[in-house]
Amino acid sequence: MPALCSLAVSPSGRLAAVGARLAWSGETMADLGDNVTIPEFSCLLQMDPYLKPYEKDFRRRYELLQKQLFLLEEAEGGFDQFTRSYNTFGVQRRPDNSLYFKEWAPAAEALFLTGDFNGWDKFSHRYTKKEFGKWELILPPKHDNSPAVDHNSKLKVVVHTKEGQRLYRISPWAKYVTREEKAVIYDWVHWDPPQPYIHIHPRPRKPTSLRIYESHVGIGSPEGKIASYNNFTTNVLPRIKDLGYNCIQLMAIMEHAYYASFGYQITSFFAASSRYGTPDELKQLIDVAHSMGIMVLLDVVHSHASKNTEDGLNRFDGSDSCFFHSPPRGVHSMWDSRLFNYSSWEVLRFLLSNLRWWMEEYHFDGFRFDGVTSMLYHHHGIGTGFTGDYSEYFGLQVDEDSLVYLMLANHILHTLYPDCITVAEDVSGMPALCRKVEEGGLGFDYRLAMAVPDKWIQILKELKDEDWNIGNIVHTLTNRRYGEKCIAYAESHDQALVGDKSLAFWLMDKEMYTNMSSLIPMTAIIDRGMQLHKMIRLITHGLGGEGYLNFMGNEFGHPEWLDFPREGNNQSYHYARRQFNLVDMDHLRYCQLYAFDRDMNRTEDKYGWLAAPPAFVSAKHEEDKVIVFDRSNVLFIFNFHPSKSFQDYRVAVEAPGKYKIKLDSDAAQYGGHGRLDHNTEFFTQPEPFNGRSNSIQVYIPCRTAIVLANEEIDYCY
């Protein structure tokens with residue numbers, strides 16, 4: 001049997017060709033089996049021939065995807081309609097101002113609607129039971145033709161179980177939930193403003209070099225409180241733009257009842273967190289970011305859900321399953337949370353519509369998928385050390401329901417939104433995670449290079465400077481799957497959380513409280529910390545991936561750690577903030593680190609090394625502690641030696657010509673010692689060296705990194 005079809009079909013007609021083919025031949029979906037052809041699988045094998053023994057696994061995954069697309073076409077009219085189910089579930093205002101309510105609660109005996117609109121009568125408004133566990137209710141408009149439920153009024157679903165229980169629930173499709181001061185449980189609030197926010201600015205085009213600023217709205221202020229969407233728009237966005245980042249990754253946006261969960265215990269999947277403001281204020285934040293040419297990604301959590309019942313998804317219909325697998329499969333033992341049943345049709349409807357909702361309603365530009373490793377394997381990565389052996393990525397330990405869900409999500413997103421960006425948080429190293437679905441991959445654009453920050457923390461905790469293993473650093477920064485793009489980062493929010501420390505704090509610790517003034521000479525600890533902070537970031541930026549990420553505040557060496565209000569710290573906000581005011585004090589050295597981060601991004605924007613093929617490493621000298629590599633015709637030189645500087649040090653370079661310094665970590669404006677003359681011109685010598693056709697001789701001071709560009713090359717990319 002020939003290939004089913006190319007996936008490059010219009011969304012509304014997805015897999016119509018498959019349906020026609022099956023009808024013509026009299027075959028059923030069960031007949032597809034080993035005859036499924038992955039359209040571009042040969043491309044994947046050319047990239048990695050060692051995947052050939054697992055071709056059957058790839059075919060099976062692709063077949064399962066094709067089946068899902070076929071069923072979507074047959075049952076729902078295609079995925080375009082299916083993923084807009086937020087227009088039919090929850091509450092919808094119809095053109096005549098009647099309100100239509102719809103829920104999926106298969107185990108419920110009866111459903112009622114109560115709220116401000118009916119004086120909280122628990123029995124006056126009963127849902128009608130429909131097929132497949134669906135429930136519907138229509139409320140006609142008031143006598144003045146206004147909707148029966150007012151904007152900003154509270155609602156509850158009353159669920160009667162077969163066991164006779166009466167449960168009060170929030171609709172899983174609720175668009176807005178709030179919590180009264182001192183209350184424990186969130187309330188479902190009907191959000192239907194008379195003048196909803198209208199986006200003005202178009203989405204930016206997908207950049208070739210992705211520079212991500214990972215952000216949390218609530219900590220985006222120096223003040224000890226929960227900061228707002230409006231604060232982020234007014235005070236943080238201009239800083240991000242100035243720093244040269246072209247993408248923001250917003251954490252903790254999906255509503256989560258427990259603030260200290262950092263947004264990873266979701267209770268309301270369609271609701272933007274009300275603790276920072278209104279949905280319209282988030283829309284304005286994204287719109288203003290777009291006006292600056294900055295994309296905005298949502299940190300989406302589809303790997304698990306909070307165990308909360310009254311204001312979460314758990315036991316919505318009174319059963320221990322509904323959206324989730326029944327225990328024990330449906331419980332994550334380490335996260336104490338519920339795990340979705342990705343084989344359920346209604347769960348697929350809910351999650352895929354959730355992605356579409358954030359793209360359509362808020363104009364997000366893509367997603368960072370959290371907890372992908374937990375999704376991919378039945379063992380969730382618990383107690384499993386991945387060695388890279390390919391047998392670990394195939395076979396019975398792989399949860400193909402969730403894997404195919406991720407393929408489906410990526411396929412739909414990239415079909416509907418060609419410039420959409422998806423990033424996977426996966427520590428396992430799953431092959432083809434970031435290859436196209438048409439090749440048999442999972443379809444992500446990028447994966448996080450999670451080994452890199454762990455390596456830096458390990459080095460700073462365990463090794464003296466003179467004992468740094470230069471070869472091991474290079475290996476960690478370059479050890480990634482060819483043809484699968486990585487987001488490199490020296491540290492993210494994970495490294496800043498309480499129990500760990502940021503790189504700046506590992507480097508300078510308590511001296512940051514007393515010795516960061518530029519009006520006094522640098523102590524040895526501050527000097528070392530300042531120089532290594534810049535060098536670690538630059539080598540990660542230049543060598544570690546095809547994108548770069550920084551967590552807010554870490555660019556300027558934010559002191560201390562990150563900790564949210566909780567019982568263990570007396571509900572303090574002291575560590576749940578970002579002290580941007582430190583950058584604005586010219587006499588403190590934080591502004592010097594900020595300036596280096598800004599100029600590092602601007603230099604990349606000009607020369608485009610993130611968009612270039614992987615670097616060629618020409619030197620990794622253990623005794624000298626020197627690393628040299630070139631990428632995108634830009635030369636990077638790092639001297640990590642704590643005390644040795646090198647005169648006339650020969651380094652390899654490919655392109656002949658005249659080179660000049662474009663970025664220098666030792667420059668005085670970055671808190672360096674100003675030992676290099678930026679007017680110096682370095683001319684190549686036709687002397688092959690370390691695998692390159694030419695070489696130059698340079699002066700490289702100790703603990704210094706320099707970036708040189710060829711003056712005779714046009715760097716437009």
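The charged end of Arg692 sits over the ring of Phe616, 3.9 Å from its centre. A charge counts as over a ring when NZ of Lys or CZ of Arg is within 6 Å of the ring centre and within 35 degrees of the ring normal. The charged end of Arg61 is likewise placed over the ring of Phe58, 5.6 Å from the centre. The model is predicted: local features need pLDDT of at least 70 and side-chain atom pairs pLDDT 80 or more, while totals for chains, interfaces and linings use all residues. Residues are numbered from 1 along each chain as its sequence is written, and side-chain values use heavy atoms, with hydrogens and water left out.

Rings were also paired with each other. Rings of Phe, Tyr and Trp (its six-membered ring) pair if their centres lie within 6.5 Å; planes under 30 degrees apart are stacked, over 60 edge-to-face and the rest tilted. By this rule there are 48 aromatic pairs. One of them, Phe596 with Tyr670, is edge-to-face, at 5.3 Å centre to centre and 80 degrees between the planes. This pair links distant parts of the chain, 74 residues apart. Phe596 belongs to helix α15 (residues 590–607), and Tyr670 to the loop between β26 (658–664) and β27 (682–683). Helices (H or I, at least four residues) and strands (E, at least two) are DSSP runs, numbered from the N terminus. Both Phe596 and Tyr670 are buried. Buried means under 20% relative accessible area, exposed over 50% and partly exposed in between (1.4 Å probe, protein chains only). Phe638 and Phe640 form a stacked pair, at 6.0 Å centre to centre and 10 degrees between the planes. Phe638 is buried, with a relative accessible area of 0%. Phe640 is buried at 2%.

Strand β29 (residues 704–710) has seven of its seven residues buried, so it is largely enclosed by the rest of the structure. Both faces are covered. Thr704, Ile706, Leu708 and Asn710 lie on one side, and Ala705, Val707 and Ala709 on the other. Strands pair if DSSP finds at least two bridges between them. Six bridges join β29 to the antiparallel strand β24 (residues 634–639). Among these contacts, Val634 has Ala709 as its bridge partner in β29. Five bridges join β26 to β29, again antiparallel.

On a 1 Å grid over the protein atoms alone, a cavity is a set of points where a 1.4 Å probe fits but cannot get out; a pocket is an open set with protein on both sides within 12 Å along at least five of seven lines, and lining residues have an atom within 4 Å of a point. The largest pocket holds about 850 Å³ of space. Its lining comprises 34 residues, with Trp335, Asp370, Glu425, Met450 and Asp494 nearest the centre. α8 (372–376), α10 (451–462) and α12 (493–496) each supply at least two lining residues.

The second largest pocket contains about 650 Å³. Val427, Gly429, Ala451, Asn479 and Arg480 lie nearest its centre, among 23 lining residues. Two or more residues come from each of β19 (446–448), α10 and α11 (470–478).

There are two cavities of 30 Å³ or more. The largest cavity has a volume of about 60 Å³. Its lining includes Glu214, Arg368, Glu425, Met450 and Asp494. The second largest cavity, of about 30 Å³, is lined by residues including Ile170, Phe269 and Asp311.

Notes
Points joined across faces, edges and corners; volume = space filled by probe spheres on them.
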